[in-house]
Amino acid sequence: MTALGMGAVVSKYTAQAGFSSRSDWLLPGLSILLAGLLYLLTWPQNFTEAEDAVYYVDRVAGAVPQWHPNHLFYEPLMLALTRIAQGTGLPVSALGVMQLASLAAALWTLALVWRVARLAGGGLWAMSASVWLLAGCFAFWLYAMMPDTYLLPLPFVLASVVALWQAGWRHGGAQAAVYAALLAGLATLLHQSHVFLAPLALAILLARRHWGGALAYLAVFGGLVGAGYLWAGWLLLGHHSLPELITWAKGYAADGLWTPLSVLAPVKALIGLGTAIWSSLFLFAIPEATARIETVFPGRMLLEEAHFAATGLAAGPLALGVLTAVSVLSILGLLFLALGSGAGRVRLPGMRGLLAWHGLVYALVVTIWEPTNKEFWIAVLPFLALSLVLHLDDSRPVVRRAMVVAVVTLWLANGLGAMLGMARAESDYWRVMQADLLDQVGAGDVVVDTCGYICTGYLLAFSPAELLPAEAVSEAAETGPGRIIVTGRARAALDDAPVAGWSEISAGLQALPHHAALPLYEMSR
């Protein structure tokens with residue numbers, strides 16, 4: 001299905017979510033426009049929170065997209081969008097197109113949240129509160145402009161929920177079930193984690209005794225996702241046996257759970273969810289807090305966070321701590337009020353249950369898979385925001401005031417404590433560490449280096465030079481036509497574990513001046 005066709009399907013269920021007149025578009029349009037403008041003011045130049053993204057950018061920019069089973073169509077789709085954008089003559093890069101794609105998906109998600117709140121019987125206050133609460137969450141805000149996979153599927157996820165509601169409660173029948181399956185399938189092809197939409201939808205349709213709808217859903221979802229994986233795995237990648245194809249299609253899940261499941265998983269889940277809502281980067285400006293975090297998470301590299309705390313905060317840690325604490329307490333207070341309130345019930349049957357069940361299933365999967373990873377909690381945030389707001393009695397002044405305080409302090413804490421700093425490349429630890437090298441090299445040069453997964457990704461994405469691993473140093477002379485630069489860390493690694501011909505090569509290396517942070521050497525051809 002083309003991008004235009006996918007957009008048409010989502011648009012259909014955006015319309016069924018309540019867009020019916022020009023006035024219906026005015027208030028959400030203004031809110032989403034304002035959120036988009038605020039996002040643009042914090043356009044990220046720091047990619048330390050999304051270290052995989054720089055590899056996606058490198059492959060899309062090099063026109064060699066990967067058919068990765070965990071996000072099968074993401075990179076090929078980004079390449080297609082990049083070619084379309086560049087074909088218009090606009091001076092856009094793959095990085096810029098990928099960031100804009102995430103931003104468009106984020107704003108579309110906010111539009112759907114607004115209308116789902118309306119479908120659920122919420123008024124103007126509930127719709128506005130849901131949008132601004134979600135938009136201010138740290139992970140949603142950050143990944144709304146990251147060249148990464150987590151925001152792009154969300155419009156399809158929410159539109160699928162609307163279609164499922166049409167199928168189960170609004171006499172949409174098998175046709176609505178087909179659209180729900182189609183949208184869920186597209187979300188799954190963009191990120192595999194959304195496969196869990198299918199068993200939940202089937203359970204709901206069967207519980208509602210929509211046998212035809214359940215059969216149609218199963219056929220469409222299974223056919224679309226199965227065809228996508230069969231086409232990529234069998235025809236493109238050559239996995240020509242069924243066991244091999246299934247193992248490949250599982251992606252990372254083929255190796256078992258990402259993190260071992262333990263009795264502490266619920267606690268870790270609360271930490272992961274908390275860091276998805278509020279940035280904790282200001283804590284690394286407090287030595288005592290940093291020491292405690294290192295104790296709780298032994299072995300985790302915290303250099304990136306410490307560097308950001310020293311260079312990226314737009315306010316002091318005390319002010320940020322107060323803002324975050326007020327936001328946390330306000331949202332916890334709202335949660336308490338929601339649990340004790342019966343006035344915020346959904347007026348149209350089924351929608352509240354659908355939101356709650358989707359949020360619960362996503363939260364359970366994240367808790368089992370990798371509970372501390374804020375990226376996976378992004379899919380939970382829309383359902384969490386909607387469920388909280390729709391259970392509140394917005395006729396009570398205390399509820400309205402608490403929500404205003406919660407949203408304002410959330411935006412201020414995350415904006416001043418993270419997002420304004422993310423808009424500066426100087427706050428990115430890996431870009432600063434590679435600055436000497438990036439400034440030195442040009443197109444046609446070759447860099448011999450060994451610096452680990454994250455560092456290598458940055459060099460691939462942001463350096464115009466070709467990159468060779470240290471063990472391939474003897475092949476550097478066969479490349480060209482520019483200079484051959486060997487980094488100090490590559491030289492140290494080769495001194496410890498030399499390869500054939502290294503003694504002759506190292507004797508001819510010439511040190512480049514003014515690169516004390518990262519010693520660089522030029523190798524003769």
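Analyst: Let's start with the whole. With 525 residues, a compact globule would have a radius of gyration near 24 Å, and the protein agrees because its value is 25 Å; this radius is taken over C-alpha atoms, and the globule rule is 2.2 Å times the number of residues to the power 0.38. This is a predicted model, where local features need pLDDT of at least 70, side-chain atom pairs count only at pLDDT 80 or more, and totals for chains, interfaces and linings use all residues. Residues are numbered from 1 along each chain as its sequence is written, and side-chain values use heavy atoms, leaving out hydrogens and water.

The C-alpha trace spans about 80 × 60 × 50 Å along its principal axes. The protein has 25 helices and five strands; these are DSSP runs numbered from the N terminus, with helices (H or I) of at least four residues and strands (E) of at least two. Buried residues make up 53% of the 525, where buried means under 20% relative accessible area, exposed over 50%, and partly exposed in between (1.4 Å probe, protein chains only).

Now for the close look. Most residues other than glycine have a negative phi. A63 is not a glycine, yet has a positive phi of about 60°. You will find A63 in the loop between helix 3 (53–61) and helix 4 (74–87). Its relative accessibility is 38%, so A63 counts as partly exposed.

R209 is also a residue other than glycine with a positive phi, near 60°. R209 sits in the loop between helix 10 (197–207) and helix 11 (211–236). At 65% relative accessibility, R209 counts as exposed.

How confident is the predictor? On pLDDT, its confidence in each residue from 0 to 100, the protein has a mean of 89, and 91% of its residues reach 70 or more. Among the elements, helix 7 (residues 138–143) has the highest mean pLDDT, 98, while helix 1 (residues 3–16) has the lowest, 51. Over residues 14–20 the pLDDT stays under 50, and the model has 15 contacts beyond four places in sequence for them; a contact means heavy atoms within 4.5 Å. Residues 343–348 also have pLDDT below 50, with 14 contacts beyond near neighbours in sequence.

Methods: pLDDT is the predictor's confidence in each residue, from 0 to 100.
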